[in-house]
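These are my notebook entries on one chain. I set down what I looked up, in the order in which I looked.

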Amino acid sequence: METLAVKPAIKVAALCGSLRKGSFNRGLLRSAIQLSKESVNGMEIEYLDISPLPMLNTDLEVNGTFPPVVEAFRQKILQADSVLFASPEYNFSVTGIVSLSLLSFVYRFIEKRPLKNAIDWASRPPNCWADKAAAIVSAGGSFGGGRAQYHLRQIGVYLDLHFINKPEFYLNAFAPPAKFDGDGNLIDPPSKERLKEVLLSLLAFTLRLKGQC
């Protein structure tokens, strides 16, 4: 009797554009990780904390080497088969909170830049993002972060990241019924099901790019 070879699970690097502890977008990633363990076979998702990365400064590159924290992050991206981004929308772009106050302006630079900063660090030669499958999920106000997704897709074009086109996932975090609990955990069953469909699509697309299906 022949035994069928078990295909190894694809490795997914998960990045969140918000550093806030109770971030809804980080909650989406936590839910995605749980779904990958319970009902999406063949996928392992690892959350990568981008908060320790220094702001991009090529003076920190010495003789072709990167600071240890940057190199560790780059290796995680290189080893991943695909990437899952969770990015809130700020001023029609990636991450943040819409407000005209000075406090919010300062907060934007605390919260907005880490995602683009991480993308830029991993794009330094050799580009770690090239030829990987990717997906975007977002939660926010009325548009649910949808406009930020289009900017992230534009960035991906130059980086040779290949985003799934469907299904799209952008969630109005404030519309009833409640989508998240007080700790930012996703509690809405229909939204969890939509998130699962994104993961299944990312899995299938990743395997296609790797020539495994």
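**Entry 1: R153**

I began with R153, which lies in helix α5 (residues 146–159). Helices here are DSSP runs of H or I with at least four residues, strands are E runs of at least two, and both are numbered from the N terminus. The model is predicted, so local features need pLDDT of at least 70 and side-chain atom pairs count only at pLDDT 80 or more, while totals for chains, interfaces and linings use all residues. Residues are numbered from 1 along each chain as its sequence is written, and side-chain values use heavy atoms, with hydrogens and water left out.

I then listed contacts (heavy atoms within 4.5 Å). Leaving out residues up to four places away in sequence, R153 touches I136, F163, I164 and N165.

**Entry 2: the whole chain**

I noted six helices and eight strands, in the order β-α-β-α-β-β-β-α-α-β-α-β-β-α. Of the 213 residues, 46% are buried. Among contacts with a separation of 6 or more, 74% join residues 24 or more positions apart.

**Entry 3: the nonpolar cores**

I looked up the nonpolar cores, that is, sets of buried Ala, Val, Leu, Ile, Met, Phe, Trp, Tyr and Cys residues joined through side-chain atoms within 4.5 Å. The largest has 32 residues, of which L28, M43, I45, L84, V137, F180 and L199 touch the most other members. At least two residues each come from β1 (10–16), α1 (24–38), β2 (43–47), β3 (82–86), β6 (133–140), β8 (169–172) and α6 (189–209). Helix α6 gives the most, with seven residues. Another core, of 25 residues, lies apart from this one and includes I77, A80, V83 and W121.

**Entry 4: helix α6**

I checked the length of α6: its 21 residues should span 30 Å at 1.5 Å a residue, and its end C-alpha atoms are 30 Å apart, which agrees. The expected span is 1.5 Å times one less than the number of residues. Buried residues of α6 include S191, L195, L199 and L202. After α6 comes G211, with a positive phi near 70°.

Terms used
Buried < 20%, exposed > 50% of the residue type's maximum accessible area, 1.4 Å probe, protein only.
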